[in-house]
Amino acid sequence: MSPTEPIDLVVRGGTVVNADWQGVADVLVGGGRVLGVVEPGSYRSARASGATEIDASGRLVLPGGVDPHCHVGFTSGDFTSLDDYRQATTAAVFGGTTTIVDFAIPRPGQNPADVAAVQRAKAEQGLCDSALHACVVQWDDTVPEQLRSLTADGIVTVKMFTTYRGETMADERTILRVMTTLRDLGGMVVVHCEADHIISDVQERGEAAGEISAGHHAGTRPELAENASVAEILAIAESVDAPVYFVHQSTPEAVDLVARARGRGVRAFTETVAHHLVLDDTAYAGPHPERFVCCPPLRAADTVAGLRSRVLMGQVATIGSDHCCYDTAQKESVSHDVRAMPNGLPGVETRMPVVFSELVVRGGLPVGRFVELMCANPARLNGLYPRKGVIAPGSDADLVVWDPTATREIRSTALHMATDYTPYEGRRVTGWPETVVVGGRPVVSSGRLTDPEPRGRHLRSGPLSRSLVV
């Protein structure tokens, strides 16, 4: 720390938790960055006079959460999710997340680079920073140059789908070519894996049997479809020595496939999401099955238990939200046919509290590992570390003063997402953000928004190292 840098914020006496270290310390902040992590009470220079002080005694001080999987204003089929950057990032910071990674997904006929430019410009509306995944659907002669332009502009991850034929689905040759091109540009493909031909066949049989409504959703997208697609994409990645990141893996078998490939030297990474770790397919037998329609669907309780065990075993790299902010009316309008429904659950605000409560408090996950899954690894795998995901000199001063004993009953009316429901309605959780600091500014304190000024920035991701390990 330079002795001439002014300090404008001191977070005192909390237990600072990084992925690889924790201890009671004071965090010194100036100019939007962390200037130092020092012994409690050891720095009381006159230069700190007039600085804002936050008493974090008895609390955890965590890096701001990095949500690697967040859809803002996302259009799929006939539906668009209801939030903009201001609304999504407001919800994010109330839940302890200070960086979101959104998606720029083209509609048929749109240019991936153009769509990314439009989405990137929205970042300034946010209360926190954001990065982007681009998306390629179909290979043509313009794609290599678009990928070079995107990576040069700091967008190094590209989403691809093996389902949703006729909308966002990419064929195997397109996936291979994009993987190969990104490999040489320091980027990585991010894949939604569900074998479309298996799903289409199952859904056709479901329609014939009168079992295609929201209540039957779990059966229309079987585990086999996810596992088969993961195996195929791993084979492509291995054949061209390219890194690959699997979004929202929902089955233990899929996670195991990735872990075994990693053991063979494949640079393969597993993301799972909060709702696949906490909820199960009994939700589809409840009064509002349409509210829980997501892809992949919620799985059987024993599958959920197996997935949680993989997290505790260290086989999962990141936990995202897969936030999609549709409301009940949108989902009810086509609940008779899951093929036409908007897929996805609202979750950017509840990701960190729900996972902390279920995995740390109840499951015994070390809090340092929680930080690794929710903050550090998402930053690393999106080219944002150590700017994000760690409390260290030089990193952005995105901090969460976390009360590990606070209890809350989750109610949609008390949340800030642009929808009328939460899939965790009535769930009691332990652990909640008390104060959230974004870029050195306290933005949330004791459940109140204390700084509503949008100062969000689009983050340019750095190239991913070929030796990247998480």
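Begin by selecting Pro 252, Val 255 and Asp 256 in helix α8, which meet Thr 303, Gly 306, Leu 307 and Arg 310 in helix α10; contact here means heavy atoms within 4.5 Å. The residues of this contact divide into three nonpolar, two polar and two charged. In this classification Ala, Val, Leu, Ile, Met, Phe, Trp, Tyr, Cys and Pro count as nonpolar, Asp, Glu, Lys and Arg as charged, and the others, Gly among them, as polar.

The model is predicted, with local features needing pLDDT of at least 70 and side-chain atom pairs counting only at pLDDT 80 or more, while totals for chains, interfaces and linings use all residues. Residues are numbered from 1 along each chain as its sequence is written, and side-chain values use heavy atoms, with hydrogens and water left out.

Helices (H or I, at least four residues) and strands (E, at least two) are DSSP runs, numbered from the N terminus.

**From α8 to α7**

On the α7 side, select Glu 223, Glu 226, Asn 227, Val 230, Ala 231 and Leu 234, which meet Glu 253, Ala 254, Leu 257, Val 258 and Ala 261 in α8. This contact has seven nonpolar, one polar and three charged residues.

**From α7 to α4**

Next, display α4 (residues 172-183) with α7 (residues 223-240), whose axes come within 10 Å and cross at roughly 40°. The pair is therefore oblique, and the crossing is right-handed. From α4, Glu 172, Ile 175, Leu 176, Met 179, Thr 180 and Arg 183 take part, and from α7, Glu 232, Ile 233, Ile 236, Ala 237, Ser 239 and Val 240. By class there are seven nonpolar, two polar and three charged residues.

**Helix α1**

Move to residues 85-94, helix α1, where eight of the ten residues are buried, so the helix is largely enclosed by the rest of the structure. Buried means under 20% relative accessible area, exposed over 50%, partly exposed in between (1.4 Å probe, protein chains only). Tyr 85, Ala 88, Thr 89, Thr 90, Ala 91, Ala 92, Val 93 and Phe 94 are the buried ones. Among the elements covering them are β9 (97-103), α2 (112-120) and β17 (428-438). At the start of α1, a side-chain oxygen of Asp 84 reaches to within 3.2 Å of the backbone nitrogen of Arg 86. Gly 96, which follows α1, has a positive phi, near 90°.

**Thr 328**

Finish at Thr 328, found in helix α11 (residues 328-332). Thr 328 is buried, with a relative accessible area of 5%. Its side chain makes polar contacts with the side chains of Arg 291 (3.0 Å) and Asp 420 (3.1 Å). A polar contact is a pair of N or O atoms within 3.5 Å; within protein, one must be able to donate a hydrogen and the other to accept it, and residues adjacent in sequence count only if both atoms are side-chain atoms.

Conventions
Axes fitted to C-alpha atoms, helices over the stretch in contact; angles between N-to-C directions. Parallel < 35°, antiparallel > 145°, perpendicular 65-115°, else oblique. Left-handed = near helix turned anticlockwise from the far one by under 90°.
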